[in-house]
Amino acid sequence: MKFSQEKLDKAKEIMARYPEGKQKSALIPLLHIAQEENNGWLDIATMDYVAEILSIKPIEVYEVATFYTMFNLKPVGKYVFEVCRTGPCMLNGSDHIIDYIKDKLGIKEGETTPDGMFTLKPAECLGACGYAPMMQLGKFYREHLTKEKVDQIIDECRRGVAIVN
Ligand code: FES
């Protein structure tokens with residue numbers, strides 16, 4: 001695994017924001033780049049590559065990548081539905097939304113559809129409780145979810161018009 005030149009330049013620019021010897025502080029943004037470059041997930045080779053760029057031990061990368069749920073440690077679909085299931089979202093029906101997505105896509109939590117299009121990944125509070133129930137899709141939040149909105153989002157994804165970046 002190697003970053004494209006564009007991503008490598010971006011990684012170096014991020015690392016340069018930190019004082020000499022403190023490049024490890026760039027780990028999280030570099031893991032985001034790595035995940036983007038590796039089809040949405042981090043395998044061992046990818047994490048080792050990030051460690052090499054930052055001149056740190058691979059274990060230091062694994063510790064961070066396995067702690068944060070925003071990093072995927074197995075292959076995911078093209079579209080990852082990260083549905084919040086913490087208190088405020090749950091009180092506003094996130095369980096029903098998750099069940100609806102499971103039924104509609106024929107997958108369980110943490111699974112990916114056989115066509116590689118969708119992954120359902122329940123998440124903890126994403127800081128948008130006032131818009132519950134909600135989910136993250138790519139870099140954007142989808143809020144006040146209803147079954148109808150879920151249908152619309154799935155349809156947007158299938159037509160390739162969903163905005164995720
Ligand atoms: S509880 Fe869902 S965003 Fe906070």
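**Note on the sheet, its helices and Leu120**

1. Helix H6 (residues 94-105) lies across strands E1 (79-83) and E2, at about 155° to E1. Helices (H or I, at least four residues) and strands (E, at least two) are DSSP runs, numbered from the N terminus. Axes are lines fitted to C-alpha atoms, for helices over the stretch in contact, and angles run from 0 to 180 degrees between N-to-C directions.

2. Helix H7 (residues 147-158) also packs on the sheet. H7 touches E1, E2, E3 and E4, and its direction makes about 160° with that of E1. Contact means heavy atoms within 4.5 Å.

3. The model is predicted: local features need pLDDT of at least 70, side-chain atom pairs count only at pLDDT 80 or more, and totals for chains, interfaces and linings use all residues. Residues are numbered from 1 along each chain as its sequence is written, and side-chain values use heavy atoms, leaving out hydrogens and water.

4. The sheet is open and has four strands, in the order E2-E1-E3-E4, with mixed pairing. Strands E2 (118-120) and E4 (140-142) are its edges; each pairs on one side only. Two strands pair if DSSP finds at least two bridges between them.

5. E3 (residues 135-137) and E4 run antiparallel, joined by three bridges. Met135 has Arg142 in E4 as its bridge partner.

6. Leu120 sits in strand E2. Leu120 counts as buried because its relative accessibility is 0%; buried means under 20% relative accessible area, exposed over 50%, partly exposed in between (1.4 Å probe, protein chains only). Among the residues Leu120 touches are Phe81, Val83, Ile98 and Ile101.

Terms used: Lists of a residue's contacts leave out its neighbours within four places in sequence.
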